[in-house]
Amino acid sequence: MIEGILIGLETAFSIKNLMMVMIGCFAGTIIGMLPGLGPMTAIALMIPITYGFEPSTGLILMAGVYYGAVFGGSTSSILINAPGIPGTVATSFDGYPMAQQGKAGKALAIAAYSSFAGGTIAAVFLLIAAPSLSKVSLAFRSPDYFGLMILGLTAVSAFSAKGHFLKAMMMVVLGLMLASVGQDTLSDIPRFTFQNMNLSDGISFVLVVMATFAMSEALTIIFKANDPTRVAKQISLSQLGSIKLDKDETKKMVKTIPRSSVLGFIIGVLPGAGSTIASFLAYGMERNFVNDEEKQKFGKGSVNGLAAPETANNAACSGSFVPLLTLGIPGSGTTAVMLGALLGFGIQPGPRLYQTNPEIFWSVIMSMYIGMVILLILNLPLIPYIARVLATPRTFLIPLILFFSVTGIYLMSFNNFDIFLMIGIAVVATILRLYDFPMPPLILAFVLGGLMEENLRRSLLISDGSWSFLWDRPLTLVIMVVIIVIVGWQIYRGILIKK
Amino acid sequence: MKISPSKIISLLFFIFSGFYLYTAHQIQVFTFDENAAFNAKTFPIYLGYAGLMFSALYIILPETKPSNVDLSILDYKKTIMLVVLMVLYGITILRVGYFLSTSIFLVLSYIVLGERKWLWIFLLSFPFVAIFMYLLHGLLNIYLRDPFLQYIGVMG
C-alpha cells in the first residue's frame with residue numbers, strides 16, 4: 001500500500017496534475033454554485049477537454065470538479081436558499097437562516113471546514129477500504145456482476161426518484177435501449193442503426209450526458225421561465241460577515257464531524273444512496289445526538305445542523321468512489337459519468353485496476369486530499385468574489401452552456417448528425433424532466449448497458465441458456481434477494497401512500 | 001376523463017418499446033448463432049419486454065405522486081426559438097465555419113433571451129469565441145474546421 005501511495009503522490013503532485021486539481025476545484029465550484037447545475041453537468045462539460053489528457057490527469061480534473069461542484073452547491077444553498085444539487089438541500093436548513101442573521105461568512109466557513117474534514121476522513125476510509133475490497137471483488141463472477149448491475153440500477157431508481165420508481169425504471173430501460181444502438185461488440189452485427197453510418201459506432205456517451213444534463217438543464221431553466229440568479233441580485237454578496245469561528249462553534253463541529261463522516265462514507269458506498277440521503281440522514285442523526293437546547297436551534301441556524309449534512313455529503317462523495325474503483329460499477333449518476341469517461345480513455349475500472357493501472361487508482365485517491373486542501377485554501381478567502389457568479393444573468397449563462405455543449409460534441413465527431421441527435425435527445429429530456437422522469441438512472445443504465453450485456457452473455461453461455469445462474473451461486477442469490485426486497489418495498493410503499 | 005401527461009408519456013414509451021421489440025426481432029444474426037443461448041438480439045428483446053412491462057404498469061396502476069405542471073407559465077416561445085437557433089447552428093457550423101457560426105449563435109441567443117447590453121453581447125461573442133478558438137486550436141492543438149477563416153487567410 002505504501003508503494004501505491006507513493007506512486008499516487010508522485011502522479012498527483014506533478015505540476016500538471018496539481019494545476020488540474022486547482023482548475024477542477026475552481027471550475028466545479030463556479031458551476032456547482034449555479035442553481036440547477038450540479039456535479040454531473042460540471043463533469044459532463046469537462047469530458048471533451050479531458051480526452052486530450054492522460055487518463056490519470058483527466059480523472060484528477062474530474063474528481064476536482066466533483067468536489068468543487070458539491071462545495072459550490074453548498075454556497076448557493078447558504079446564500080440564496082437555492083441548492084445547486086439535491087445533496088446540499090439539507091445544508092440550507094440551517095445555513096440559510098444563519099445567512100439571514102448576518103452570519104453568511106461564518107456559515108460558509110463552517111461548510112468549508114466540514115466539507116474538508118468529511119472529505120479527508122472519508123478519503124482515509126477509501127484508502128483502507130478500496131484495496132481490500134479490490135482483493136475481495138476478484139472472487140466475483142459474471143452472474144455476480146450482472147446481479148450487482150441490476151442492483152445498482154434498481155437502487156438508483158428507488159433512491160434518486162422518490163415516489164417515481166416506475167418512471168425511474170422506464171428511464172433505466174431507455175438508457176439500456178440507447179446503449180444497444182450500434183454494432184454488437186462480439187459479432188459486429190448492426191443493431192438499430194437503420195442503415196445510418198453515423199449510428200454504426202453507437203451513440204456517444206458524451207452526447208447523451210451533454211444532452212440529458214447540460215443542455216436539457218439549460219432548456220428547462222428557460223422553459224420554466226425560472227431565473228435562478230434573480231434572488232442573488234437582491235442580496236448584497238459583499239456583506240457576508242466574518243468567517244472566523246469562536247471556541248464554542250469549533251467545539252460543536254469537532255463532535256459532529258467524525259460521526260457524520262462515518263455515516264456519509266457508509267451511505268456513499270451503497271449503490272444509489274449517494275450524498276442526498278447521506279446529508280439528510282446525518283441531519284436527522286445529529287438532531288438526535290445533541291441536547292435539548294441545541295435541538296431547539298435546528299432549522300434556525302444551528303452549527304451542528306449545518307456541519308452534519310456538509311460533512312456527510314462530502315464523505316459520501318468519497319464513498320461513492322469505492323464501488324467505481326473496486327468493482328467498476330458506479331453507485332451514482334456522477335460516478336457513472338466518470339465511468340463513461342474512463343471507458344473513453346480505454347480503461348476498465350474494476351478489481352484489476354488496482355494492479356494494472358496503480359497510478360490511476362492511487363493518484364485519484366491522493367488527488368482527493370489535495371483537492372480538499374485546495375478547496376479550503378482557495379475557496380474560503382475567495383468566497384465573496386466567487387459568490388458574485390450567482391448573479392450572472394441567465395441571458396448570458398444559458399447560451400454559454402448551450403455553446404459549450406455543442407462545441408463539446410462537435411470537437412469529438414466533426415459532424416452535424418451528432419449535433420442534431422444531441423438537440424433531439426435534449427428536447428425529449430427536457431419534457432421528461434418536466435414530468436419528474438429522472439435522468440440519473442438513464443445515464444447509469446447507458447454507461448452500464450454494454451457491461452451488463454457482456455456479463456449476461458457470459459452467464460447465459462456458461463449456464464447453457466438457463467437463468468438458474470441467478471440463484472446458483474450464494475453471492476448472486478443474496479444480490480437477487482436484495483433486489484427483490486427493494487422492488488417489493490417500492491411497490492408496497494406505493495400502495496401504502498395511495499391508501 | 002382527464003389523462004395525466006405522465007401516463008401519456010408512458011403510453012408513448014409503451015409504443016416505442018413495442019417498436020423497439022419488433023426491430024430487435026428483425027436483427028439479422030448469423031445462421032450458426034440463430035439457436036445459441038445468447039446472440040446479438042437476445043438482450044434487446046429482453047429490453048423490449050422490460051420497457052413494455054414498466055410502461056404498462058405505470059399506465060395501469062394508480063399514480064401515487066402525480067406531477068403537477070402549470071402549463072400556462074411555460075415559456076414556449078423562447079425555448080422553441082433557442083432550439084431552432086441550435087439547429088441552425090448545427091447546420092452552419094461545418095459550412096460556414098466554427099468562428100462565425102458560433103459567434104452569431106451566441107449573439108442571437110442573448111438577444112432572444114432578452115439581453116440588450118450591446119457591449120457585453122459583443123464581448124461575449126466574437127472576441128470570446130476568438131480567444132476560445134485560440135486556446136483550442138493554437139494552444140491545445142485541437143483541430144477546428146473553419147472555411148470562413150481559411151478563406152480570409154486568418155487560419156492555415
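Reader: In this predicted model, what makes a pair of residues in chain B count as a contact, and what share of the contacts between residues at least 6 apart in sequence join residues at least 24 apart?

Author: Two residues are in contact if their C-beta atoms lie within 7 Å. Among such pairs in chain B at least 6 apart in sequence, 64% join residues at least 24 apart.

Reader: How do you know whether chain B has the radius of gyration of a compact globule?

Author: A compact globule of 156 residues would have a radius of gyration near 15 Å, whereas chain B has 25 Å. Along the principal axes, the C-alpha atoms of chain B fill a box of roughly 60 × 55 × 25 Å. The domain assignment gives domain 1 (5-65) and domain 2 (76-151), and the C-alpha centres of these two domains of chain B lie 40 Å apart.

Reader: What makes a residue of chain B buried, and how many of the 156 residues are so?

Author: A residue is buried if 20 or more other C-beta atoms lie within 10 Å of its own. In chain B, 27% of the 156 residues are buried.

Reader: Which classes of residue make up the side of chain B that touches chain A?

Author: The contact takes 55 residues from chain B and 52 residues from chain A. The largest share of the chain B side, 11 residues, comes from α3(B). By class, that side has 36 nonpolar, 13 polar and 6 charged residues.

Reader: Where in chain B is confidence lowest, and where is it highest?

Author: Helix α7 (residues 147-151) of chain B is lowest, at a mean pLDDT of 83, and α1(B) is highest, at 96.

Terms used
Residues are numbered from 1 along each chain as its sequence is written. Chains are lettered from A and ligands numbered from 1 in the order in which they are written. This is a predicted model: local features need pLDDT of at least 70, side-chain atom pairs count only at pLDDT 80 or more; totals for chains, interfaces and linings use all residues. Helices (H or I, at least four residues) and strands (E, at least two) are DSSP runs, numbered from the N terminus. Ala, Val, Leu, Ile, Met, Phe, Trp, Tyr, Cys and Pro count as nonpolar, Asp, Glu, Lys and Arg as charged, and the others, Gly among them, as polar. pLDDT is the predictor's confidence in each residue, from 0 to 100. Domain bounds come from an automatic or database domain assignment. The radius of gyration is taken over C-alpha atoms; the globule rule is 2.2 Å times the number of residues to the power 0.38. A residue is buried if 20 or more other C-beta atoms lie within 10 Å of its own, exposed if 12 or fewer, and partly exposed in between; C-beta atoms are placed from the backbone.
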